[in-house]
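Please consult the sequence and the structure shown below while reading.

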Amino acid sequence: MEEAPRDCPGADSAQAGRGASCQGCPNQRLCASGAGAAPDPAVEEIKEKMKTVRHKILVLSGKGGVGKSTFSAHLAHGLAEDENTQVHQSGSGWSPVYVEDNLGVMSVGFLLSSPDDAVIWRGPKKNGMIKQFLRDVDWGDLDYLIVDTPPGTSDEHLSVVQYLAAAHIDGAVLITTPQEVSLQDVRKEINFCHKVKLPIIGVVENMSGFICPKCKKESQIFPPTTGGAEVMCRDLAVPLLGRVPLDPHIGIQEFCGLPRSKEEEPISC
């Protein structure tokens, strides 16, 4: 993953995408297209649409495969269990798919003709879909909007931040695993957040150890050779929100969609 230039002028600067430090940046074209241009009217439309959404949280990760989407789903379920205001449904705009009475989901996957279809889109089409999800979906009266983003710091991340800038984003939760290869990318993600002025709520270390359900012995599947998220957060002055261990039953529930039976035998050592 390419890293943004150290002297990045920022996406809102008149020199965005045009400065000497922008040469070679993967986001140069997107930034340059917005520098000095008239404001996108969708920004104000999204601001109006988001007035009934009290909290907007982005879930980010520098590296793929760290469990970001799984964490996003569990975070949404956890918040939905906290007797918040029910989602208001109406006939305007796209209606989310409701998993629970107060938990709605919108995904590109719902718009595909087959679950095996690949989404092969260039940047403008992806950015247009983000705009539609924020502006044209009837989210109604929400306590929390959780935005699960792709890995990295690409066009999609800039689009979400820019479209929601006027509507206020509470911040981002960053997901990592304990090993250094993941932490390296999360450091870049933290850098990205600082440059686009996106508040960081904190970091979650996912897949943080495995406790055998039978013998209760803990093993480090992904050893934190450089101290894991705790040391990184201390060095960068970013809050560590907590650690989530590896649990095979999460995988079982993901694939089966069913709660674990009380009679199920524990996994053997």
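Author: His168 lies in the loop between helix 5 and strand 5 (171-176), where helices (H or I, at least four residues) and strands (E, at least two) are DSSP runs numbered from the N terminus. The model is predicted, so local features need pLDDT of at least 70 and side-chain atom pairs count only at pLDDT 80 or more, while totals for chains, interfaces and linings use all residues. Residues are numbered from 1 along each chain as its sequence is written, and side-chain values use heavy atoms, with hydrogens and water left out.

Reader: Which loop holds Lys216, and is Lys216 buried or exposed?

Author: Lys216 is found in the loop between strand 6 (200-211) and strand 7 (218-219). Its phi is also positive, near 65°, in a residue other than glycine. With a relative accessible area of 58%, Lys216 is exposed.

Reader: At what angle do helix 4 and helix 5 pack, and how far apart are their axes?

Author: Two packed helices are described by the angle between their axes and the distance between the axes. Here axes are lines fitted to C-alpha atoms, for helices over the stretch in contact, and angles run from 0 to 180 degrees between N-to-C directions. Helix 4 (residues 123-135) and helix 5 (residues 155-164) pack at about 35°, with axes 10 Å apart.

Reader: Which residues make the contact, and how do they divide by type?

Author: Contact means heavy atoms within 4.5 Å. Helix 4 contributes Gly123, Lys126, Asn127, Ile130, Lys131 and Leu134, and helix 5 contributes Asp155, Glu156, Ser159, Val160, Tyr163 and Leu164. Ala, Val, Leu, Ile, Met, Phe, Trp, Tyr, Cys and Pro count as nonpolar, Asp, Glu, Lys and Arg as charged, and the others, Gly among them, as polar. The residues of this contact are five nonpolar, three polar and four charged.

Reader: How many residues of helix 5 are buried?

Author: Among the buried residues of helix 5 are Val160, Tyr163 and Leu164. The helix is mostly covered, the buried residues numbering eight of its 10.

Reader: Where is Ala42 found, and which residues does Ala42 contact?

Author: Ala42 is found in helix 2 (residues 41-49), and counts as buried because its relative accessibility is 1%. Its C-alpha atom is separated by 7.3 Å from that of Lys131, 89 residues apart along the chain. Leaving aside neighbours within four places in sequence, Ala42 is in contact with Lys131, Arg135 and Tyr163.

Reader: Which residues have the most contacts inside the largest nonpolar core?

Author: A nonpolar core is a set of buried Ala, Val, Leu, Ile, Met, Phe, Trp, Tyr and Cys residues joined through side-chain atoms within 4.5 Å. The largest has 41 residues, and those with the most contacts inside it are Met50, Leu58, Leu164, Leu174 and Leu198.

Definitions and conventions
Buried < 20%, exposed > 50% of the residue type's maximum accessible area, 1.4 Å probe, protein only.
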